[in-house]
Amino acid sequence: MSVSLTGNDLTFAQLYKVALHDETVELASAAINRMNASRAVVERLLASGATGYGINTGFGKLASVRISAEQVRQLQVNLVRSHASGVGEPLSETETRAMMLLRANALAKGLSGVRPVVVETLIKMLNARVHPVIPSQGSVGASGDLAPLAHLAHVVIGEGRALYRGEALAGGEAMNRAGIPPLVLEAKEGLSLLNGTQGMLALLSLALYEADILADSADVAAALSLDALRGSPGAFDARIMHARAYPGAATTARNLAHLNEGSQIRESHRAVEKDPRVQDAYSLRCTPQVHGAVRDALAHAREVAAVELNSATDNPLVFVRDATSGDIISGGNFHGQPLAMAADQVAIADYGRGADQREQSAGNSTFRGFHFDFRESGRLRVHGDERSAAAGAHAEKFAAHDCNRAAVRLPGNRFAGAAANRKAGQKGP
């Protein structure tokens with residue numbers, strides 16, 4: 001089923017379907033109506049001879065320079081060309097698809113003053129799998145992802161480079177083979193394609209997808225250690241979690257208790273004559289507190305990204321008052337600081353979790369640890385860290401690429417937080 005873009009209700013699930021599984025996209029009729037209304041405000045300003053930033057003026061410090069009506073189109077093309085200056089390895093096609101969808105959705109919100117054909121062109125490119133070649137380095141975030149989005153827009157207007165059916169082509173040739181007419185930019189449309197945070201949002205959203213899998217995988221790996229070392233379930237008692245009411249810790253405690261439920265190995269710990277330990281080592285006992293802190297950090301980052309998912313990040317923004325009037329207002333919604341801080345939080349959280357699991361792995365030699373890092377483009381990467389394993393084949397079975405299967409045993413919904421814990425019967429926060 002196609003993902004219908006309205007600009008207001010795109011979900012992470014839909015984003016992942018389009019980026020990872022090539023789901024088709026369409027533009028909702030309500031979005032078309034809003035875009036036509038905001039475009040009318042821009043057209044009225046041009047017809048009146050009034051001045052509007054980025055519409056018939058220069059950019060930045062050249063905002064006071066008036067652009068003649070004959071040069072308005074060329075201004076938008078020159079803006080795209082001048083900012084298509086990124087460097088480094090290109091983004092993957094998955095990352096590029098996420099970026100294209102997010103930009104289309106932001107424009108579909110109807111606050112950018114662009115024609116519906118701008119979004120329709122992006123949608124046609126997504127559906128035909130025409131993917132601009134976008135260098136991974138070049139965005140400074142302060143005025144949004146200008147360089148990466150310029151490389152996207154470069155192909156939209158039939159220039160730049162693109163991948164089409166596995167072949168790298170000139171942008172115009174890729175569009176021609178896919179039967180998509182390149183867009184002829186009108187006033188403000190080049191600026192609207194460039195001004196936004198959809199590059200960093202795409203990378204953060206995909207990193208969160210991977211981090212969520214790793215959060216469950218880490219719990220599975222910890223459960224294996226607990227089983228092999230006859231770890232006590234006492235540290236995961238719901239009453240302990242309720243006494244320090246962090247939702248992430250409660251989730252991990254519930255997962256560990258569930259995964260080791262019915263373990264015959266663990267049961268041997270209950271007999272004092274067989275095992276005189278009063279409590280387990282930190283590396284086992286504190287798993288909910290460490291893994292839970294990571295889950296809570298990811299939850300916060302996800303909340304930030306969820307706001308951005310359906311935000312207008314253009315400048316200026318166009319607000320329709322009625323059928324004959326509206327306001328064009330300059331602001332700073334393009335700034336990437338909220339997302340930058342969220343991305344840093346994800347990187348720190350997953351690095352901390354990786355360090356904790358390496359400590360467990362080195363101290364107990366029972367499972368494969370995980371290393372986590374961000375490359376310069378921002379995406380999360382996973383690398384296996386092989387250890388000699390007392391649990392042997394059991395630990396090997398749950399390597400990074402297989403833990404996700406075991407995680408289906410985990411109760412609750414990772415996206416629902418504390419509410420899922422309560423629904424699953426966990427007494428706690």
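# Notebook: strands, helices and cores

**Entry 1. A strand pair.** I began at V130, whose bridge partner in strand 6 is Y164. Strand 4 and strand 6 (residues 161–164) pair in the antiparallel sense, over three bridges. For pairing I noted the rule that DSSP must find at least two bridges between two strands. Helices (H or I, at least four residues) and strands (E, at least two) are DSSP runs, numbered from the N terminus.

The model is predicted, and local features need pLDDT of at least 70, side-chain atom pairs count only at pLDDT 80 or more, and totals for chains, interfaces and linings use all residues. Residues are numbered from 1 along each chain as its sequence is written, and side-chain values use heavy atoms, with hydrogens and water left out.

**Entry 2. Helix 6.** How many residues of helix 6 are buried? I read 10 of the 11 in helix 6 (residues 146–156), so described as mostly covered. Buried means under 20% relative accessible area, exposed over 50%, and partly exposed in between (1.4 Å probe, protein chains only). The buried residues of helix 6 include P148, L152 and V155. Just after helix 6, G158 takes a positive phi of about 85°.

**Entry 3. The cores.** I turned to the nonpolar cores. Such a core is a set of buried Ala, Val, Leu, Ile, Met, Phe, Trp, Tyr and Cys residues joined through side-chain atoms within 4.5 Å. The largest has 75 residues, of which L5, V130 and L193 touch the most other members. Helix 9 (residues 198–228) gives the most to this core, with nine residues. A second, separate core of 13 residues includes V220, L226, A250 and L256.

I returned to V130 for its contacts, leaving aside neighbours within four places in sequence. Among them are M100, V155, Y164 and I180.

I also looked up A207, which lies in helix 9. A207 is buried, because its relative accessible area is 0%. The C-alpha atoms of A207 and A347 are separated by 9.1 Å, although these residues are 140 apart along the chain.

**Entry 4. Aromatic pairs.** I noted three aromatic pairs in the structure. Why is the pair of F12 and Y16 stacked? The ring centres of F12 and Y16 are 6.2 Å apart and their planes stand at 20°, so the pair counts as stacked. The rule covers rings of Phe, Tyr and Trp (its six-membered ring): they pair if their centres lie within 6.5 Å, and planes under 30 degrees apart count as stacked, over 60 as edge-to-face and the rest as tilted.

F12 and Y16 both lie in helix 1 (residues 12–21), four residues apart, about one turn of the helix. An α-helix has 3.6 residues a turn, so residues three or four places apart point the same way. F12 counts as buried because its relative accessibility is 12%, and Y16 counts as buried at 8%. Y53 and F59 form an edge-to-face pair, with 6.3 Å centre to centre and 90° between the planes. Y53 is partly exposed, with a relative accessible area of 22%. Ring pairs link F12, Y16 and Y209 into a cluster.

**Entry 5. A hairpin.** Strand 8 (residues 317–322) and strand 9 (residues 325–329) pair in the antiparallel sense over five bridges. I found two residues between these strands, which form a hairpin. F319 stands opposite D327 in strand 9.

**Entry 6. The whole chain.** Finally, I counted 18 helices and 11 strands in the chain. Of its 429 residues, 52% count as buried.

Terms used
Contact = heavy atoms within 4.5 Å.
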